[in-house]
Amino acid sequence: MHVTWLDSNSWLIELGGKRILLDPWLVGDLVFGGATWLFRGTHPQPVPVPEDVDVILLSQGLEDHAHPATLAHLNHDWLVVGSPNAASVVQKMGYSRVVALPHGETYCLDDRLEIRAVPGSPIGPTLVENGYILKDLQTGRSLYYEPHGFHSETLKDFAPVDVAITPMMNLELPLLGPIIKGRDSALRAAEWLTPQVMLPTAAAGQVQYEGLLVSFLRAVGNTDEVRDGLRDRHLTTQVIEPQPGDRLELQLQTQPTV
């Protein structure tokens with residue numbers, strides 16, 4: 001298994017002989033609802049756009065996961081699998097191959113890669129977006145991803161997984177509390193899934209943020225606290241912090257069978 005962190009919540013996952021482009025923000029600025037005065041994210045350096053992608057995988061329909069400029073730039077003939085909300089976004093953009101994947105359902109790609117949707121982040125009072133468990137159907141290698149730290153107890157049914165990508169800090173707003181809650185939930189996911197490797201997401205590597213909202217956001221927690229918590233729980237999970245653009249080959253052991 002190879003993983004490349006493309007910064008923020010964007011990843012290129014190589015698993016099951018497939019290249020999965022996950023929540024890509026690669027082109028242009030990140031803005032919500034056109035309000036640049038409120039929040040604006042920028043890449044100070046151009047981000048190479050991956051080629052030969054087998055599937056674009058979208059966890060949410062919001063701009064930081066289904067990024068409009070990036071999706072406009074990418075090949076509209078590439079397969080897209082996403083939450084129903086994200087699928088609606090790309091269908092309106094003219095993508096020709098779109099699979100909406102509700103919670104609990106799976107999609108298999110060439111009998112090599114299974115994509116399973118699990119409950120993820122709540123967006124507003126009624127909408128719950130997706131997390132994913134990816135599985136190589138030949139080797140059994142698996143990876144879990146959820147970008148905001150909202151982990152469903154249904155994950156216990158799919159343990160163990162080899163790799164978990166999840167936030168490891170909280171991002172909090174006064175009065176509203178955490179909008180990303182990784183500080184404690186990363187450890188909860190580790191207890192449920194017993195991954196060999198955990199990788200932090202939702203952090204800023206090289207990207208830069210500005211706007212009124214940024215002045216109110218507060219980051220709480222870090223990867224060292226997660227490492228301490230893993231040791232306290234007698235978990236052998238390794239926390240790896242990749243650098244943007246680095247392609248990592250994850251050295252994984254064979255999981256014991258029950």
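The structure is a predicted model, in which local features need pLDDT of at least 70 and side-chain atom pairs count only at pLDDT 80 or more, while totals for chains, interfaces and linings use all residues. Residues are numbered from 1 along each chain as its sequence is written, and side-chain values use heavy atoms, with hydrogens and water left out.

**Residue S83**
- S83 sits in the loop that joins β6 (79–82) to α2 (84–92), where helices (H or I, at least four residues) and strands (E, at least two) are DSSP runs numbered from the N terminus.
- With a relative accessible area of 0%, S83 is buried, a word that means under 20%, whereas exposed means over 50% and partly exposed lies in between (1.4 Å probe, protein chains only).
- Beyond its neighbours within four places in sequence, S83 is in contact (heavy atoms within 4.5 Å) with residues including L58, L101, E129 and Y132.

**Residue F216**
- F216 belongs to the loop between β16 (208–210) and β17 (218–220).
- F216 is partly exposed, as its relative accessible area is 46%.

**The largest pocket**
- A pocket is an open set of points on a 1 Å grid over the protein atoms alone, where a 1.4 Å probe fits, with protein on both sides within 12 Å along at least five of seven lines; lining residues have an atom within 4 Å of a point.
- The lining of the largest pocket is made of 25 residues, and D64, L171, I179, I180 and L217 lie nearest its centre.
- The largest share of this lining, three residues, is given by β14.
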